Amino acid sequence: SGSNRVLQAMGRGYTRETYLSLVDRVRELLPNAALSSDFISGFCGEDEEDHSETLSLMKAIRFERAFMFAYSMREKTHAHRKLKDDVPELVKSRRLREVIEVFNSG
């Protein structure tokens with residue numbers, strides 16, 4: 001995610017800003033490095049602003065590879081125990097299409 005709010009909900013130990021700083025540092029030290037990431041569309045509680053922040057992060061970084069999925073609840077995870085899967089499937093699908101489009105335009 002490109003959203004600090006969603007990153008926190010996911011239990012990630014970093015923010016958008018620290019991630020962007022890390023990417024800048026990698027590109028400074030290893031200019032030919034290929035970057036990849038996973039993108040989950042429609043994580044619990046994700047709203048349109050959160051989704052837009054993910055798209056803008058993808059545009060800023062221009063990953064060479066990406067693994068892109070619509071969110072689905074998995075048992076025995078933090079989200080399964082603590083969060084509600086409250087993003088409708090149609091919204092997840094649309095957001096995933098937008099993520100794929102941004103990746104492919106890069």
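Predicted model: local features only at pLDDT ≥ 70, side-chain atom pairs only at ≥ 80, totals over all residues.
Visitor: Let's start inside. Which residues of the largest nonpolar core touch the most other members?

Guide: A nonpolar core is a set of buried residues joined through side-chain atoms. Here the largest one has 14 residues, and Phe39, Met58, Ile61, Phe63, Met68, Val99 and Phe103 touch the most other members. Helix H3 (48-61), strand E2 (65-70) and helix H5 (89-105) are the elements that each give two or more residues to this core.

Visitor: Could we pick one residue there? Which residues does Met58 touch?

Guide: Leaving aside residues up to four places away in sequence, Met58 touches Phe39, Phe63, Val99, Val102 and Phe103.

Visitor: And what lies apart from that core?

Guide: Another core does, made of six residues, including Val6, Met10, Phe43 and Ala79.

Visitor: Now for Glu49. Is Glu49 buried or exposed?

Guide: The idea is to look at relative accessible area, where exposed means over 50%. Glu49 has 55%, so Glu49 counts as exposed. You will find Glu49 in helix H3.

Visitor: Let's turn to the pockets. How does one look for empty space?

Guide: Rolling a probe the size of a water molecule over the atoms shows where empty space is left. In this model, the largest pocket holds about 270 Å³ of space.

Visitor: Which residues line the largest pocket?

Guide: Its lining consists of Met10, Arg12, Ile40, Phe43, Phe69, Ala70, Tyr71, Ser72, Arg74, Thr77, His78 and Ala79. E2 and helix H4 (78-82) are the elements that give two or more residues to that lining. By type, the lining residues are seven nonpolar, three polar and two charged.

Visitor: What is the volume of the second largest pocket, and which residues lie nearest its centre?

Guide: The second largest pocket has a volume of about 210 Å³. It is lined by 13 residues, and Ser1, Arg12, Tyr14, Ser37 and Asp38 lie nearest its centre.

Visitor: Which element gives the most to the lining of the second largest pocket?

Guide: That is E1, with four residues. Helix H1 (4-10), helix H2 (16-29) and strand E1 (36-41) each supply at least two. The lining divides into eight nonpolar, two polar and three charged residues.

Definitions and conventions:
Residues numbered from 1 in each chain as written. Heavy atoms only, no water. Core = buried A, V, L, I, M, F, W, Y, C linked by side-chain atoms within 4.5 Å. Buried < 20%, exposed > 50% of the residue type's maximum accessible area, 1.4 Å probe, protein only. Contact = heavy atoms within 4.5 Å. 1 Å grid on protein atoms, 1.4 Å probe; cavity = no way out; pocket = protein on both sides within 12 Å on 5 of 7 lines; lining within 4 Å. Points joined across faces, edges and corners; volume = space filled by probe spheres on them. Nonpolar A, V, L, I, M, F, W, Y, C, P; charged D, E, K, R; others polar.
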